[in-house]
Amino acid sequence: MIIKRDLYLNRLIERQNNGMIKVVTGIRRCGKSFLLFKLYKEYLLNSGVKNDHIIEIALDGIDVDELRNPKICYAYIESKITDGDKYYVLLDEVQFMDRFEEVLNSLLRIDNVDVYVTGSNSKFLSKDIVTEFRGRGDEIHIYPLTFAEFYSAFGGEFDDAWDEYINYGGLPALLEMKNANQKMSYLKNIFDNVYLKDVIDRNRIKTKDEINSLVDILASAIGSPTNPTKISNTFATERNSNYSNKTISAHIDFLEEAYLISKANRYDIKGRKYIAANLKYYFTDVGLRNARLNFRQQEPTHLMENIVYNELVTRGYSVDVGIVEINQKNTEGKNVRKQLEVDFVTNLGSQRYYIQVAYDLSTEEKQKQEYNSLRHIADSFKKIIIIGGTAKPWRNEDGYVIMGMKYFLMNADSLEF
């Protein structure tokens, strides 16, 4: 099955021949090898690059076992370069080769070589991988399938595709699976035996039970503010466990570095400053999150919020949680400070959007809840409310854009309406 991933393909094309090592990162099974060895290689061939000027090595194959030796691999690649034309070196699962950083940095010294690599072990999953190449690494981070990518290969109606996606997420292999049990088993197995194992092994974590419980807590809390101190207190009172907030903070960082979760900072819109406490965390893939909780806690609004967050960061936006402080009279008539939340403050260059995510706006109470924070933002940046369903965009009397999830997800420029 061919799934077009033009967003990432174009990012590779933009970096072609830039003198840096193109490092394709992301969680396992999200499509890194397919992007590089199928889609990008096809692009190179179609743009006139000769097949013998594309040197591709999948280092996890037994047939290239000898190429895991760094000196042999370098000599092999060098032997393939027989003229002054450009050569493209594509290396998959490069972590199978010892001292791979030295090999790649050595390849950069060859003027007519352009280098691309992927890797899937705990080291290569980490955000700090580009530092291994002494400032000469250029990262292209790939996420699981967006809904639009998933839908393009699903071959069914929107509602059916949405039900699949919100339950099982966007790992490409799921599109080949025929029943729910197979999908559930796949997601549970890959989370426990691949993703979490990578984090535990890489960081030499001894408290496996505690980090497993931490993952469950974060999965339950998507879309809700939390912090290490609050989580530590929960362990102390409910589980009689001394899981310190310092250790919890470190473990959350490990999960984030492995791209399993993402952090959304809280931003004071009026004060124009970040607030350190009570961050929000979202899972890179909602199917993995659901599998972690045995497909319980399927709250549509929180899952929608997670999917919207992932879509925004995939499109290249920086995304924060917005806070608007207001003065409000309490029941005694005294002025008190109150914080209202905007689900997302989304920025790209000079562009900014304020976004609320709501399952529906069918009642006056729900409309008031979603509109209230937006009404207290004085600037003129666009305010958008994304609701469940297939509604086309329209503007309400306050000038807010309201659009259905289908329009938002299926149109890459949907925020421009």
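View 1. Helix α9, with 13 residues, spans 19 Å from its first C-alpha to its last, close to the 18 Å expected at 1.5 Å a residue (the expected span being 1.5 Å times one less than the number of residues; helices are DSSP runs of H or I of at least four residues, and strands are runs of E of at least two, numbered from the N terminus). This is a predicted model, in which local features need pLDDT of at least 70 and side-chain atom pairs count only at pLDDT 80 or more, whereas totals for chains, interfaces and linings use all residues. Residues are numbered from 1 along each chain as its sequence is written, and side-chain values use heavy atoms, with hydrogens and water left out.

**View 2. The crossing of α9 and α11.** The axes of α9 (residues 208–220) and α11 (residues 245–257) come within 11 Å and cross at roughly 70°, which makes α9 roughly perpendicular to α11 (65 to 115 degrees). Ile211, Leu214, Val215 and Leu218 of α9 meet Ile248, His251, Ile252 and Leu255 of α11 in a contact (heavy atoms within 4.5 Å).

**View 3. Glutamine 356 in strand β10.** Glutamine 356 lies in strand β10 (residues 351–358) and, at 2% relative accessibility, counts as buried. The side chain of glutamine 356 reaches the backbone nitrogen of aspartate 343 at 2.7 Å.

Terms used. Axes fitted to C-alpha atoms, helices over the stretch in contact; angles between N-to-C directions. Parallel < 35°, antiparallel > 145°, perpendicular 65-115°, else oblique. Buried < 20%, exposed > 50% of the residue type's maximum accessible area, 1.4 Å probe, protein only. Polar contact = N/O pair within 3.5 Å; in protein donor to acceptor, adjacent residues only side chain to side chain.
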